[in-house]
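Subject: Structure with ligand, and notes on its pockets

Hello,

Please find the structure below. My notes on the ligand site and the pockets follow it.

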Amino acid sequence: MEATHIEHIAIAVKNLNDSIPFYENVLGLKCYSIEEVKDQKVKTAFFKVGQTKIELLEATDPGSPVGKFIEKKGEGLHHMAFAVKGIENSLEEIESKGIRLIDKKPRKGAEGLDIAFLHPKSTFGVLTEFCEKK
Ligand code: CMX
């Protein structure tokens, strides 16, 4: 498989409106998009830092992955996403190496990317995502 760069780093927050001003007014980044991803039960806010993005995640349902994460661990680093070439083949390849997949096939994520998650128990505690722009 080939990972080309860190596509985004995602941070779980309780409330987008409360956290966006830190990134804009303190770090000087610009929120260029707010999008709800119904499938993942989140609202997202995006900032660019070079070719990498910061993605803030607010749960739209307390029983969703981000809702459960906030309840258990509080706000903080939620996952890291690698841009990969050939997401289906990458998933097949790493599954054959014994890595536990959450998504065996890619699905549609924010910004229309194909995305798939690897289980944090297989990746040294960091929820890891692959994504590909097609
Ligand atoms: N990072 C690291 N560990 C995590 C984690 C995260 N983001 N989320 C959960 N875990 C750990 C928990 O701490 C827990 O560990 P322990 O058993 O040691 O306590 C274990 O995983 C199980 O957690 P859980 O709360 O019982 O939750 P589930 O097993 O029901 O689900 C997971 C965990 C990772 C499978 C689920 O969160 C998932 O499918 N995530 C992928 C999808 C996702 O996160 N979507 C939101 C973002 C979408 C987007 O960016 O668009």
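**Ligand shell and pockets**

β4 (52-59), α2 (65-73) and β5 (76-85) each supply at least two residues of the shell around the ligand; helices (H or I, at least four residues) and strands (E, at least two) are DSSP runs, numbered from the N terminus. This is a predicted model, in which local features need pLDDT of at least 70 and side-chain atom pairs count only at pLDDT 80 or more, while totals for chains, interfaces and linings use all residues. Residues are numbered from 1 along each chain as its sequence is written, and side-chain values use heavy atoms, with hydrogens and water left out.

The ligand is surrounded by 18 residues, the closest being Q40, K68, H78, K121 and G125 (a residue is near a molecule if one of its heavy atoms lies within 4 Å of it). Helix α2 gives the most to this shell, with 6 residues. By type, the shell has 8 nonpolar, 5 polar and 5 charged residues (Ala, Val, Leu, Ile, Met, Phe, Trp, Tyr, Cys and Pro count as nonpolar, Asp, Glu, Lys and Arg as charged, and the others, Gly among them, as polar).

Polar contacts are pairs of N or O atoms within 3.5 Å. A polar side-chain atom of Q40 lies 2.7 Å from a nitrogen atom of the ligand. For K68, a polar side-chain atom is 2.7 Å from a ligand oxygen atom, and for K72 the distance to an oxygen atom of the ligand is 3.2 Å. On its own the ligand has 970 Å² of accessible area, of which the protein covers 73% (Shrake-Rupley method, 1.4 Å probe).

The space taken by the ligand is the largest pocket (more than half of the ligand's atoms lie within 2 Å of its grid points). A pocket is an open set of points on a 1 Å grid over the protein atoms alone, where a 1.4 Å probe fits, with protein on both sides within 12 Å along at least five of seven lines; lining residues have an atom within 4 Å of a point.

The volume of the largest pocket is about 920 Å³ (the space filled by probe spheres set on the points). Its lining has 36 residues, and P65, F69, H78, P120 and L127 are the closest to its centre. α2 again provides the largest share, 6 residues. The lining divides into 17 nonpolar, 8 polar and 11 charged residues.

The second largest pocket holds about 200 Å³ of space. Its lining includes H5, E7, Y32 and K133, and β1, β5 and β8 (128-132) each supply at least two of the lining residues.

Regards

Terms used: A polar contact is a pair of N or O atoms within 3.5 Å; within protein, one must be able to donate a hydrogen and the other to accept it, and residues adjacent in sequence count only if both atoms are side-chain atoms.
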